[in-house]
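Please look through the structure below slowly, with the sequence beside it, and follow the paragraphs one at a time.

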Amino acid sequence: MSRRWLFADQLGPHFLDERKQPVLLIESKAVFRRRVYHRQKAHLILSALRHRAAELGDQAVFLRGETYGEALRTVREPLEVSHPTSRRALEFVRNRGGVTVLPARGHVTSLEDFADWADGRRGTLRMEAFYRFAREHHGVLMDGSEPAGGRWSFDTENREPPPKDGRLGVPAPPMPKEDDIDAEVRADLDRWAREGIRFTGRDGPRRFPATTGEATARLRHFLRHRLAAFGRYEDAMLSTDPWLAHSLLSSSFNLGLLDPMEAVRGAERAYRRQGAPLAAVEGFVRQVMGWRDYIWHTYWYFGRGWGDSNELSARRSLPDWWRDLDADAVDARCLADVRDRAWVHHIPRLMVLGNYALQRGWRPAELVEWFHTRFVDGYEWVMTGNVVGMSQYADLGRMTTKPYVAGGAYINRMSDYCGGCRYDPRQRVGEDACPFTAGYWAFLARNRSRIPANARMARTMKQLSRLGDLDAVVAQEKRRGSDPP
C-alpha cells in the first residue's frame with residue numbers, strides 16, 4: 001500500500017483508506033515565514049500536526065524541515081495525497097514526480113457532483129439551490145421526497161437577538177487540556193519569534209481541538225447540550241459570551257479532524273431520536289453541508305481570477321491598527337475577541353468586521369489574507385468566498401443578491417455591543433454619530449452606480465435619495481477614512 005502524505009489540514013482518519021496505512025507528515029517552517037499568523041492559529045496547526053504524528057507512532061514518517069521540498073528530497077518511495085485545499089499546494093504536488101493526487105476529501109459533496117450540478121444551472125449559483133440539491137442527493141433531513149418539517153429553511157426562526165439578561169442557559173463548551181506537545185509547540189514558537197518570525201495576536205491557552213478525539217468529544221457535547229439553543233441565537237452577539245451556543249467545530253472540520261458528514265448525521269439523529277428542535281438542527285446542517293461545502297466548491301469552480309475580484313473599486317490598504325489587532329485603539333467591539341482568541345462567530349465576522357471593512361473601502365484581497373491568517377479556522381478556500389463573494393460584495397453578486405452592509409441599528413438589535421459605547425446608532429452626523437450608521441449611508445452613496453439594481457435594494461436606494469444630510473455624511477466619513485471606530 002502506498003504511503004499517504006497528509007497535509008496539516010488532512011489529519012483525521014477519513015483521510016486514510018485503512019487504519020494501518022503508512023503515512024507521511026511534514027512540518028514546514030517556511031509556512032510561518034511567508035505570512036504573519038495569529039499566534040494561537042500557529043499553535044493550533046503545529047499542535048494538531050504533532051499530535052497526529054504521536055498518535056500514528058511508527059506508522060508515520062514525520063519530517064520537520066524549512067520547506068516541503070527540502071523534506072521531500074529525503075523520501076525515496078512513491079506517495080499519494082488527497083487533493084490539497086489551495087491552488088498553490090495542488091500545483092506543487094502535481095509537479096512532484098512520484099506523487100499521485102487522489103480525489104478531495106473532507107466535504108460532504110464531491111467536486112465532481114458539484115460541477116455536474118453547477119454546469120446544469122442557468123444564471124447564478126445560489127447557496128440555497130445547492131443546499132437543496134445536497135440534501136436530496138445525500139438524503140439528509142428528508143421525509144421521502146420532501147424536506148423534514150415541510151420546509152427547506154428555518155432561517156426565520158433562527159434570527160433572535162440575545163436574551164436581555166445575556167444568559168442562554170447552556171453549559172460551556174468543553175475546553176482541551178494542554179499537554180507536553182503543547183508545551184513544546186509554545187517553546188518552539190517563542191524561539192521562532194526570537195529568530196524573527198512574526199506573529200500577531202495574543203498567546204493563550206489552546207481553546208480548539210488538536211485531535212480527532214478532542215473534536216469528537218466537543219461534537220458530542222454540542223449535540224447533547226448546546227444544539228437546542230444554537231438555532232434561535234445563531235445570529236446573536238454578546239460581549240460577555242463569545243461562544244453562545246455555537247459548536248466551535250469550524251477549525252476541527254478545516255484541519256480535517258472531523259468528517260463533516262459524521263456531524264451532519266449526528267445532528268439528524270438528535271432530531272429524530274432525541275427530539276432536538278428541527279430549526280436548530282436544520283441551521284447546523286445548513287452551515288456544515290450547505291454553506292461550508294458551497295464555499296469550498298465555488299473556490300474551485302469559479303476559478304483563480306475570482307479571488308482578485310474588486311468590482312466596487314475598493315482601493316484602501318488595511319490600516320496598521322487592523323492588521324496588528326490593536327484592539328486598544330478601538331472603541332467598538334469585536335477586534336479584542338480576534339486578538340485574544342483568534343475567533344469570533346460568523347455574524348461578528350460578517351456584520352461587524354466585514355461590514356466595517358466594506359464601508360471603508362478596503363481591498364478585498366488584503367482582507368482575504370487577514371481573515372485567513374488571523375482566525376484559527378481561516379484558509380484561502382474558506383475566506384475567498386466568505387470575503388470576496390459574501391462580506392465585500394467584490395464580485396457584484398455571483399454569490400449574493402445584495403451587499404451585506406448595515407448600520408448601527410442592526411448591531412444594536414442583535415447584540416449588547418452598543419451598551420456603554422460613546423456612539424449613538426441612531427445618529428449619522430456629528431460627534432456622537434455611529435461610524436457604522438454613517439458608514440452605511442456613505443458606502444451606498446459611493447457605490448450607487450456600481451451596485452446592480454434589484455428588488456431587495458430598491459427601498460434602501462429610495463431612502464438614500466431622500467436624505468437631506470447626505471453630503472454632510474459623505475464628507476464626515478471621508479474625513480474619518482480608515483480610522484478605528
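Which residues in helix 20 (residues 470-480) are buried? Before the answer, two remarks on how to read the model are needed. This is a predicted model, in which local features need pLDDT of at least 70 and side-chain atom pairs count only at pLDDT 80 or more, while totals for chains, interfaces and linings use all residues. Residues are numbered from 1 along each chain as its sequence is written, and side-chain values use heavy atoms, with hydrogens and water left out.

Helices (H or I, at least four residues) and strands (E, at least two) are DSSP runs, numbered from the N terminus. A residue is called buried when its relative accessible area is under 20%, exposed when it is over 50%, and partly exposed in between, for a 1.4 Å probe and protein chains only. With these terms in hand, the buried residues of helix 20 are L470, V473, Q476, E477 and R480. Seen down the helix axis, these buried residues fall within an arc of 125° (taken from the directions from the axis to the C-beta atoms), so they line one face of helix 20. An α-helix has 3.6 residues a turn, so residues three or four places apart point the same way. On the other side of helix 20, the exposed residues are D471, K478 and R479.

The cover over the buried residues of helix 20 includes helix 14 (346-360), helix 18 (435-447) and helix 19 (455-466). Contact here means heavy atoms within 4.5 Å, and R480 touches Y356, R360, Y423, A433 and P435, not counting residues up to four places away in sequence. Just after helix 20, G481 takes a positive phi of about 55°. In helix 19, S465 counts as exposed because its relative accessibility is 55%. S465 and A445 are 20 residues apart in sequence, and their C-alpha atoms are 8.8 Å apart in space.

How do helices pack against one another? Axes are lines fitted to C-alpha atoms, for helices over the stretch in contact, and angles run from 0 to 180 degrees between N-to-C directions. Helix 14 and helix 16 (residues 380-391) pack at an angle of about 65°, with their axes 11 Å apart. Where they meet, R349, L350, G354 and L358 belong to helix 14, and M383, M390 and S391 belong to helix 16.

A second pair is formed by helix 8 (residues 212-230) and helix 10 (residues 260-274), which pack at an angle of about 25° with their axes 11 Å apart. That angle makes helix 8 roughly parallel to helix 10, since angles under 35 degrees count as roughly parallel, over 145 as roughly antiparallel, 65 to 115 as roughly perpendicular and the rest as oblique. From helix 8, T216, L219, L223 and L227 meet E262, A263, G266, A267 and A270 of helix 10.

Consider next the nonpolar cores, each a set of buried Ala, Val, Leu, Ile, Met, Phe, Trp, Tyr and Cys residues joined through side-chain atoms within 4.5 Å. The largest nonpolar core has 144 residues, and those with the most contacts inside it are W5, L25, F32, L227, V285, L353 and W370. Helix 11 (residues 278-301) gives the most to this core, with 13 residues. Apart from this core lies another, of 17 residues, among them L312, A438, W441 and I451.

Most residues other than glycine have a negative phi, and most peptide bonds are trans. L244, in the loop between helix 8 and helix 9 (250-254), has a phi near 45°, a positive value in a residue other than glycine. L244 counts as buried because its relative accessibility is 2%. L325, in the loop between helix 12 (320-323) and helix 13 (335-341), likewise is not a glycine and has a positive phi of about 55°. With a relative accessible area of 2%, L325 is buried.
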